[in-house]
Amino acid sequence: MDISKLEWYKIILLLSSFWFHDCSQKQQPIHALSSHHTGVLFNNQIDLNTEFSIIDYMYFFNGAGTALGDFNNDGLEDLFFAGNRVSNVLYQNTGNFKFQDVTKEAGLSTSLWCTGVLVEDFNQDGWLDLYLSVAGEKNNEMRKNLLYINNKNMTFTELAAVYGLDFEDYSSHAAVLDYDLDGDLDVYLLNHTNQFNNVNDPIPRKLDGSAANTDRLLRCDWIDSLDHPVYVDVSAQAGIEVEGFGLGVSVSDFNLDGWPDLYISNDFISNDILYMNQGNGTFVNDINNALKHQSFNGMGNDVADFNNDELPDILVADMLPKTRKSRVMMANNLSTYLQSAAVSMGYELQYPRNTLQLNQGVVGGVSTFSELGQFAGISSTDWSWAPLFVDLNLDGFKDVFMSNGYLKDITNQDFIAYRKNRITFSAQKKIDSLYLALMKELSAVEVNNLIFWNQRDSTFQESGIETFVGVSSGAAYGDLDLDGDLDLVTNNSNAKASVFENSISGNSISIKLKGPKYNNRGIGSVITAYVDVQVQKFEYYLSRGYMSTVGETMIIGLGAAKLADSLRVDWYDGTISWQYGLQSGGSYEIRYDESVPRKRDKEEENLLFLEAQSIIVAHQELDYYDFDSHPLLPWKYSNTGPGLAMSSRDDFGHMLFYMTGSQGFNGKFFDFFGRNDESIRARAFVEETDAIFFDCDNDGDEDLYVLSGGIENLNREGAYQDELLINDNGTFTSSTDRIEQTKAPGSKILTIDFDRDGDLDLFRAGQTNVKAYGRPINSWLYRNDQGVFSSVVGPDFDDLKSLGMVTDMEVVDMNHDDWPDIVVVGEWMEVTILYNDLGKGFKKRSITGSSGIWRSLVSGDFDNDGDIDLVAGNLGLNTGLNVSQAHPMGLIGYCLRRDASCLGIPTAFFALREGKFESFPLYGRSIMLKALKNLQVVCPSYQAYSHFTTQDLMELEQDNILYQTQIQTLNSSYFENKGSGHFITKPLPKAFQWSSVEALLVFDFDDDGYLDLMAAGNNSGMNVALGNLDASKGILALGTGGGDFKTLSTHLLGNFLSGEVRSIKKVRVGEVPYFLSIHNNGNLDMFKINPLFKW
């Protein structure tokens, strides 16, 4: 059998590894090799000096990229490092992780400020070329991008001008793609600008291509007479016109229509861009429809299918620190007022943290994403640059690598404050001189580059592997030693570059593509590997992370499997190639010239729900800024509506609904056909929170009780007065003498015949008292006496006092004694059951350890054991808060005078260092200084405040703290009833934890005899310190009959449950169930089950 040169390399390298590497038990599975061994001495040295510094170029410390590529076609990936103040360097891979500097001989020495590195065969001659982005200098001539064409002998010739690629922008990086599917590779050029002022000010956006920091799309026009392409700028005609400070570019077909799209991550306040390819040579920025929020300081990004659902997901790096101290010290450029101002000027929502956008599929023609970075555990990795999805342990799931660090901690709050004080009224030259002097004294942000293992449940676990502690920017991966796994390389600032050997053993296959004439590497092809029941999907683009290009050979991990059953390649023109039985350890080349036409794709899936009735009824909400008056609130209370009441009639003609109004907007009656009437003209100043139809006077028709709450009219007389509307043959008249005065805000209203006298009494739940936030508020029971309601009081009903901040409740006979009990949930309280004592009172009993921020509640026999279980929706695990039994979130009631208003101060556990947590006030120093007058004395600096713990707060204000409470869980949960008042708590499936669950519905959707769950939620009223909860697109979880649930794919649900859903109702007309979803500040949707849907 003939053995190729490449196979000999593999044999020799594997054998030699036994002699040249330390096989000690202590060696980390991924470890840095010494420069003495590798010969890689490149150091991107960046020193402050008076000739050229951060005074001259704003991205002076941002580092540069790296790239892998086999430039001499010997089968080994070589290394290229871009230099800022130093020359670029090319290292030839000579085997066994040894590299030789061939920069000078190759003709690649430079004196320009190089940033990004793109490796591509531009002239399609089979030899890899280099395209270098250039920035830094103010002189245009010194910012011309460089194109080095491979002379096929490890030397290069610079020909950027000849190819039309010598642009003078401040360029960060470039990527190739076939945007028009004509078979050749076009170029996307990522740009920024050297703008020092107003980078985080919400000034009018330039969306017409006029900004200097607009990217470029360069069409490849192949010139046969030249035997190479010339690139033509088609940015304007293609719609590439949105400005930005571009630091990351990825190419992917996000909506699976066969056309490559683009994701651009932008720094500062400039929003990221999602350019969706229209298939006609143009792009549309659709990020506002696809994403609910994004990273504020977008650094590098990567796109890949990390959860193996065959949809491309997006990871963007930002700069949120891991530890409490670093978070306090960092100026994160975001405040409540800045965010509000930016949104009002057309900016999309942004938060200063890494974001992981999970692709939820195409709904209504739009790609939709749920941002899960905090749930996934990768939102805070310090000052990060290059995020890379890469399967490092070969288990078939992509892990995450993140490069980190910055040479000078210029966001240090104390540094910023000191500098401002020193430069007041100074001349510019003196200001610059002082700035540089202060800068030299600043420490670096030197942190570990991080590796996170994919846990296969949309979360990642930090590996604990110490890679390189310092400042790394560009990063790339590839199989440097041909052993079937992926190694790592980073470009470091003021330190030698790092080469990391991956010594994790596992099963894998190596794939290379042989593409068509003008795209000989098959860039943009889609590779799908079928391994047992697992499907792995890859899009073959090599510009990834931050300013870098990864290796050409694709390594596909097989996990425990010894082979891939099959592998499919989808080429640009719709043809496909198949390979079968790919053995672990094998190297395979898939060729375009062996492809065949694609067969007709499978039929499109039917959606589960169809619109049942077009009802033009919308809830409206005036903008009310709760945080102006109550800056310490963790979320708003002016956006809790609407509530929806439904009459009990089951025929189209007589069914009646009522949607509660809000401040400035009346409530609305409407029927099944959408005919509506704003009948309550005098209540537009009231925030209505709930309503219920019931026959209060036993005259055979249903009356309406409307509840009042909210915080907009806190001091207004009558703002919390409820209303009872008596129905007289379809005419509703307000009755003022049947109900008592209500002076406290209510959250929910329900009917209960608690004394079993044959009429319906009322239970009114208290909402919140923002003047003493967190202090439990009363709820009220009203006895019905021939249609007149009066409070029920007495010692046996005292458990209704200070019940808590109730958000939802149900009447259920929990103990099977034939007396109706009440289950209540709420914020800062445990799941609580009010047991009915034979109509003579109620006794409160809570589920131990269940204290949470509960938003919704349903009940049912989910495990078919004959008793009633409970399901409650919580705030979820995508908040960034570390909440558990061991690390409870707290609320401290701070009151200056016992009879005065109190402030509820939230506290939470933050990381001090790895594995060590302590409780601190949730908010930053600037907000807390306004709340606590004594704080300036004990915390005169941000450094001092970074050490100010919850215990310190308690000691400082011990005489003014009148109440405390805490929660132990944010999980939306299932409570299995084990009898005798005992429950077992189980978290609901992961999709329930991605956002707040504001609405729940129980129904047997698939008619299998087991109860299922429908859920929805989201909350855009969160304090900016937490960020909006917006990841839910709705959930349908099918019950198994044993208390477990299996969630369906979100895209099957359509748009009916996305947005801010406050309630889900079911009505049955004859034998047909209809469902209604009610949205805050949005429309009401009515839908039904699609009879063609295949369960």
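Entry 1: I began with R219, which counts as partly exposed at 23% relative accessibility; buried means under 20% relative accessible area, exposed over 50% and partly exposed in between (1.4 Å probe, protein chains only). This is a predicted model, so I kept in mind that local features need pLDDT of at least 70, side-chain atom pairs count only at pLDDT 80 or more, and totals for chains, interfaces and linings use all residues. Residues are numbered from 1 along each chain as its sequence is written, and side-chain values use heavy atoms, with hydrogens and water left out.

The side chain of R219 meets that of D221 in a salt bridge, at 2.8 Å from N to O. For a salt bridge I took a side-chain nitrogen of Lys or Arg within 4 Å of a carboxyl oxygen of Asp or Glu. D221 is partly exposed too, with a relative accessible area of 25%. By this rule I get 25 salt bridges.

Next I looked up R216 and D169, whose side chains form a salt bridge at 2.6 Å, N to O. R216 lies in strand β12 (residues 216-223) and D169 in the loop between α4 (160-163) and β10 (170-177), so the pair ties together parts that are 47 residues apart in sequence. Helices (H or I, at least four residues) and strands (E, at least two) are DSSP runs, numbered from the N terminus. D169 is buried at 11% relative accessibility, while R216 is partly exposed at 22%.

**Entry 2: a sheet.** I then turned to an open sheet of four strands, in the order β52-β53-β54-β55, with antiparallel pairing; two strands pair if DSSP finds at least two bridges between them. β52 (746-752) and β55 (788-791) stand at the edges with a single partner strand each, so one side of each has no neighbour in the sheet. In the antiparallel pair of β53 (residues 761-766) and β54 (residues 780-785) I found three bridges. R764 stands opposite W780 in β54.

Entry 3: How many cavities of 30 Å³ or more does the structure hold? I noted ten. A cavity here is a set of points on a 1 Å grid over the protein atoms alone where a 1.4 Å probe fits but cannot get out, and lining residues have an atom within 4 Å of a point. The largest cavity has about 70 Å³ of space. Twelve residues line the largest cavity, and A618, H619, Q620, N666 and K668 are the closest to its centre.

Note on methods:
On a 1 Å grid over the protein atoms alone, a cavity is a set of points where a 1.4 Å probe fits but cannot get out, and a pocket is an open set with protein on both sides within 12 Å along at least five of seven lines; lining residues have an atom within 4 Å of a point. Grid points are joined across faces, edges and corners, and a volume is the space filled by probe spheres set on the points.
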